[in-house]
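Here is a quick look at the model below, going from a pair of helices out to the chain contact and then to some backbone details. Have it open while you read.

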2 protein chains.
Amino acid sequence: MKKIMNQPEQFVDETMEAIELAYGDKVEFLNGDRRILMSKAPACEGKVGIVTAGGSGHLPVFLGYVGFGMLDGCAVGNVFASPSAQKMEEMIRACDRGNGVLCLYGNYGGDRLNFGMACEAVEFDDIPTRTVLVTDDVASSPKGEEGKRRGVAGMVYAFKIAGAAAAMGKSLDEVADITQSALNRIRTMGIALSPCIVPEVGKPTFQIEADEMEIGMGIHGEPGIQVEKLKTADETAQLILETIDRDMPLEAGDEVSVMVNGLGATPMEELLIIYRKVHRMLTEKGVSIYMPHIGEFATSMEMAGLSVTIFKLDKQSKELLRYPASTPFYTNANK
Amino acid sequence: MKKIMNQPEQFVDETMEAIELAYGDKVEFLNGDRRILMSKAPACEGKVGIVTAGGSGHLPVFLGYVGFGMLDGCAVGNVFASPSAQKMEEMIRACDRGNGVLCLYGNYGGDRLNFGMACEAVEFDDIPTRTVLVTDDVASSPKGEEGKRRGVAGMVYAFKIAGAAAAMGKSLDEVADITQSALNRIRTMGIALSPCIVPEVGKPTFQIEADEMEIGMGIHGEPGIQVEKLKTADETAQLILETIDRDMPLEAGDEVSVMVNGLGATPMEELLIIYRKVHRMLTEKGVSIYMPHIGEFATSMEMAGLSVTIFKLDKQSKELLRYPASTPFYTNANK
């Protein structure tokens, strides 16, 4: 296992310690707890809290988006494992400013179970919560069963939209509805060329031949739609975009934001070559592109591969997307 | 060769095309030439031009730093190959606003030769140039022979300092002297765990065993100081920091910026674990840290590994470091 680390069981705690050392101007631990990261950004009185939670190993997801204009808090689990309901509960309490908290997270069993318990616990104390699940991965379940889909890189757009809506003073129901509406227009599909290794496990999450790629694989190595011979970049972009288009048809006149997300080991050059083809296909279709996002937004440590996310915009989501944000891993200086 | 690309010989052109498609609000090609990228940022009359050049395959270096507050232009070569003197000459001419151009680039034979010819050519037309070479890689040549050292991730700090000094209206000599003075206080050392593959070559740049690491390797796979058994993150950080400290002694009361730079395939979590140890060692020594940079700043495509750069600051370099910048891959919204 070729990783630059110390003891595998310290991997998450040491990463978290570094987050506070490096970004202590923006984030802090809740009561010194390294598994609950809180924003230090000053917030308006009564601002709705936006929280998430999930396993480690996906930086910048999840905790990298805690800060001004995005998340108020993030509970952090071990690599690829949900944090406990207890941590989520403490976080929700700490992020409530009297008008409730939106729990916005990927559709994974452990996270749902624990967030469910946490929300139930805080309701006893009259802290209202709403839950919005991210289910953007079109490859994880067929059309008609969208509710079973996993949440992947599209959640970064959801964090941005929810965070901006809350910063602009909207109510809990408004923030939740706006975020759900945005997610209804967000689709992602990914491919993987190589696995990653969970530090405490020490062996690859899956096996793949040197001339093959996994189409539709999840960010924890969940099986995709199929294994195929390695395609060219243009073929890959086309396959992804056509799959998304069948699920959420794009038409001339539409405006979208495109995210080309590297899973960890894939060079920026390759992400750009994919973006080039996506941009060309959309332009030929008469679809225009606003604020493209190209880089590493939701990773699986050293996995090679990428995902493409399409976010169909309307006037409100454009406004929320360009609203300022300042977090350790996402800065938008636009006004 | 597991790369997401089309024809290897199109790798650079397609990457460049995507750069303009994605970041066309900030950058543009010079007369449509995909190998010369220019900033579209409005500049003050008479601003000194800052240019660089180098081979592809290192994104965000070099061209990712073209934009407001950093570079005015970048000439782009094939993967790991210098662009021609002709391209450099055209770029220098286009970046001169009457007060000359600083050529700021890594100390590599091809780049030196070609920039030398380009500067000679423009001098015939009375365009003054100054050259500052980046030689931050302590592992590439021993103390006393600093002039033979290669330029690696420290060049990003140099671009930032030079770009800010030029934006603030300083003269060519002032900008060159300030940048050289900053570089005298910048040191980098890297380690590699795996090679990368040049698309048109199709085989790894070097071989390394599964339990070994290369200490002091260059960003094109140039041999380092030695091959050793894989160290822990803390041992690695310590080895790098102690080597830098022997070359440029750090003392209690010093203030530094630290860059932990991923070479391509190394996860953010591992970069943070290295940062943690560097931060602790510096703090124990009484050295304080300003604006840490953790992420991918100068890569070798899919190479696994990292480098640590230490930039010893003074009042002026702090001011220039926090000056605003807006480029495709570097944004500083501080005021």
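## A helix pair in chain B

H4(B) and H5(B) cross in a right-handed way. This is a predicted model, so take the geometry as computed from the prediction. H4 of chain B covers residues 154-167 and H5 of chain B covers residues 172-183; the two pack at an angle of about 150°, with their axes 9 Å apart. Angles over 145 degrees count as roughly antiparallel, and H4(B) and H5(B) therefore fall into that class.

Who touches whom here? On the H4(B) side you'll find Tyr157(B), Ala158(B), Ile161(B), Ala162(B), Ala165(B) and Ala166(B), and they meet Glu174(B), Val175(B), Ile178(B), Thr179(B), Ala182(B) and Leu183(B) of H5(B). Sorted by class, the residues of this contact come out as 10 nonpolar, 1 polar and 1 charged.

## Where the chains meet

The contact between the chains draws 45 residues from chain A and 45 residues from chain B. On the chain A side, at least two residues each come from helix H1 (11-23), helix H6 (233-247), helix H7 (268-285) and strand E13 (304-312). H7(A) gives the largest share, with 9 residues. By class, the side of chain A that touches chain B splits into 26 nonpolar, 10 polar and 9 charged residues.

## Chain A overall

Chain A carries 8 helices and 15 strands. Its radius of gyration is 19 Å, close to the 20 Å that the globule rule gives for 335 residues, so chain A is as compact as a globular protein of that length.

Of the 335 residues in chain A, 59% count as buried. Take the contacts in chain A between residues at least 6 apart in sequence: 72% of them join residues at least 24 apart.

Pro60(A) sits in the loop between strand E3 (49-56) and strand E4 (73-79) of chain A, and Pro60(B) in the loop between strand E3 (49-56) and strand E4 (73-79) of chain B.

Then there are two methionines with positive phi. Met291(A) has phi near 45° and lies in the loop between strand E11 (288-289) and strand E12 (293-295) of chain A. With 19 C-beta neighbours inside 10 Å, Met291(A) counts as partly exposed. Met301(A) has phi near 50° and is found in the loop between E12 and E13 of chain A. Met301(A) is buried, with 28 other C-beta atoms within 10 Å.

Definitions and conventions. Residues numbered from 1 in each chain as written. Chains lettered and ligands numbered in written order. Predicted model: local features only at pLDDT ≥ 70, side-chain atom pairs only at ≥ 80, totals over all residues. Helix = DSSP H or I, 4+ residues; strand = E, 2+ residues; numbered from the N terminus. Rg over C-alpha atoms; globule rule 2.2 N^0.38 Å. Buried ≥ 20, exposed ≤ 12 C-beta atoms within 10 Å, placed from the backbone. Contact = placed C-beta atoms within 7 Å. Axes fitted to C-alpha atoms, helices over the stretch in contact; angles between N-to-C directions. Parallel < 35°, antiparallel > 145°, perpendicular 65-115°, else oblique. Left-handed = near helix turned anticlockwise from the far one by under 90°. Nonpolar A, V, L, I, M, F, W, Y, C, P; charged D, E, K, R; others polar.
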